[in-house]
Structure formats: C-alpha cells, structure tokens
Amino acid sequence: MPIALSRKANSVWKRFSINRTVTVAADRKVSVADRFFLMGSCFAEEIRLALDRELGAGHVVPDYRQLVFDPARASVDELPERNHLNTYNAFSVLQEIEMILGLWAPAADDYWQLGDRFQCPYRRLVTADSPELLAEIRAGLDRILRAAFDEADHFVFTFGMTEIFINHASGKVASQKPGYGGGGGKSETDYHRATFAENLDAILRLTDLILARKPEARIFMTVSPVPLKKTFSSDDIFVANTLSKATLRAVLAEAAAARPAITYFPSYDAVISEGVDAFEADGRHVRRPVVEEITRTFVDCYFRDRGPAAAAQTAE
C-alpha cells in the first residue's frame with residue numbers, strides 16, 4: 001500500500017519501514033463539482049484516466065478530442081486514440097500557459113520542414129502536410145486549451161525531466177527530443193540540462209500567471225515517477241535519471257514553500273517507495289492499480305464533499 005491518509009504525517013522511519021506507506025494529511029478544499037486542468041507526461045494521462053474512473057468523465061480538461069482533423073494529412077500526438085498531449089518539463093508547461101494567456105505565440109514560419117511534412121516544435125508530434133494546415137491545427141489546439149483554462153477551477157501538473165532542447169529560432173523549449181517519431185530538431189536545437197534555479201523560476205512564473213487570473217485556484221504538482229528513457233548527458237542513465245528527479249522534487253518543495261497555492265502531492269514518493277513492484281514489466285511505466293490507489297487517496301484527501309473520505313482516514 002504505497003499511500004494513505006493520516007491525521008498527521010508519519011515522522012518515524014521505522015513505522016514507514018514496517019508499513020511501506022507514504023502518508024498524506026487531508027485538506028479538503030476542493031468540490032466534486034470543480035474541474036481540473038491537467039498537463040504533463042504519460043503519468044499525468046494515467047492520473048486523468050483514474051480520475052475519470054473515480055469521479056466520472058468531465059472533471060478533467062482539456063478535451064483534445066474536440067479537435068477535428070484528417071489523419072491522412074495531419075498528426076496530433078496520438079489523437080484520437082489517446083486524449084492527451086505529452087508535456088514533459090516545466091518550460092513546455094510554462095510555454096503552454098503563456099500561449100493560453102496570449103503572452104507568446106510561435107511565428108507563422110516557426111516550424112520544421114521534413115520533406116513534405118511540417119512540424120510544430122513546441123507540441124509533441126504535431127505535423128501537417130502544409131504550413132497552412134499546421135497553422136489551423138495549432139489554432140484549434142489553442143482554442144481548446146484556452147477554453148479549458150477558462151473552465152478550470154484547479155490545476156494538476158506533473159514534471160518529468162530536466163534535460164531539454166532549446167530551439168535556435170525562438171529560444172523556446174522543444175516539446176520532445178530531436179528526431180522523436182521521425183520528427184525534426186536534430187539541427188534546429190541545442191541540448192541543455194536545466195538547473196534547479198531555472199526550473200524553479202519557470203514553475204513560479206507559471207504559478208503566478210495562473211493565480212493572476214484565478215486567485216482561488218489550487219495548483220497540485222508532483223514529479224513523474226516514470227524514468228528517463230534515455231539521457232543526452234554523459235552520465236549513466238540511472239545517475240542522470242536520479243539527478244533529474246531529485247532536482248524536480250527539491251524544486252517543488254521550494255515552490256510550495258514560496259507559493260501557498262501550490263500543493264505538492266507525493267505520488268512520486270509513493271511510487272518510488274514501492275520499488276520495482278510499482279512498475280510494469282518495462283520498469284518505467286507505473287502499474288494501473290498503483291495509479292488508481294494514488295488517485296483515490298488524492299480524491300479522499302482534497303475533496304470536501306467526498307462521501308467516504310472521513311471513513312478512509314487511517315489511524316495515527
């Protein structure tokens with residue numbers, strides 16, 4: 001059992017060692033009528049699916065399935081099969097918030113050409129067979145994301161990595177590693193391992209931008225427990241992954257201390273405490289029962305009108 005409610009946080013390692021459970025205290029200020037804007041990597045998608053199962057569909061936005069396009073002429077991540085666009089790092093999330101709020105937008109000619117295909121550098125696997133169609137796809141995604149932002153009462157973000165690639169043309173962060181899925185970026189980007197300070201600045205800025213428009217919003221953040229598939233540093237993959245996750249975990253602690261609206265939810269910690277048993281056979285993706293348990297605890301912890309919440313509390 002990786003995570004459970006408690007009247008107060010467990011402060012004794014021996015107790016944790018026996019129970020192998022990460023505790024979290026209840027703070028029920030969210031309503032089941034509220035909507036959540038969710039963004040992140042594949043772990044965020046699993047949280048979304050689990051929330052839909054737990055609460056019923058419609059509580060989580062954006063709904064990317066509203067975008068209509070011809071798959072023969074364009075691709076948008078893995079739509080329509082997956083109602084999600086992977087967003088891996090704090091800088092890509094910040095860029096999305098800036099685009100939603102009209103603070104930045106890619107130039108009309110800010111794309112990568114791959115033979116007869118044209119790719120958006122800033123959203124994962126968004127391509128089209130003409131610049132004009134790519135512009136339409138981008139505009140459609142912008143409308144969906146802006147509407148979702150307007151609808152949302154609260155926000156959930158997962159951050160997965162500190163290794164990023166910066167686009168020469170704009171200075172902005174690309175959505176994915178160079179060449180992913182046959183895409184571009186190999187000659188258009190430079191590798192950069194983002195520092196603690198850079199990640200903290202990005203997370204505080206995106207928080208402040210949200211709160212300026214939605215001062216009552218709660219912003220839940222966590223680190224994705226899914227390890228890096230590959231490192232572009234000179235480190236061993238295990239060393240690089242540890243540094244990436246440790247940096248983000250420390251950043252979120254600092255951000256939560258600096259902004260009371262931020263709540264760090266220890267889903268990352270709960271998964272890591274479970275060890276290899278928490279993961280699928282690939283050793284990277286989290287098993288669905290573990291995600292569901294974490295999501296149930298999240299709901300019981302923060303939703304004030306969640307019926308069984310009081311009964312779900314564990315003893316001290």
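Mentor: Axes here are lines fitted to C-alpha atoms, for helices over the stretch in contact, and angles run from 0 to 180 degrees between N-to-C directions. The model is predicted, with local features needing pLDDT of at least 70 and side-chain atom pairs counting only at pLDDT 80 or more, whereas totals for chains, interfaces and linings use all residues. Residues are numbered from 1 along each chain as its sequence is written, and side-chain values use heavy atoms, with hydrogens and water left out.

Trainee: Why is α5 called oblique to α6?

Mentor: Helix α5 (residues 196-213) packs with helix α6 (residues 237-258) at an angle of about 45°, their axes being 9 Å apart. Under 35 degrees counts as roughly parallel, over 145 as roughly antiparallel, 65 to 115 as roughly perpendicular and the rest as oblique, which makes α5 oblique to α6.

Trainee: Which residues of α5 and α6 meet?

Mentor: With contact taken as heavy atoms within 4.5 Å, F196, N199, L200, I203 and L204 in α5 meet residues of α6 that include T247, L248, V251 and A255.

Trainee: What makes β5 and β6 edge strands?

Mentor: The open, antiparallel sheet has four strands in the order β5-β8-β7-β6. Strands β5 (74-76) and β6 (112-114) each have a single partner strand, so one side of each is left without a neighbour in the sheet.

Trainee: How do you know that β7 and β8 pair?

Mentor: Pairing requires at least two bridges found by DSSP, and β7 (residues 117-119) and β8 (residues 126-128) have two, in the antiparallel sense. Within this pair, Q119 stands opposite T127 in β8, and helix α4 (residues 131-151) packs on the sheet, touching β5, β7 and β8.
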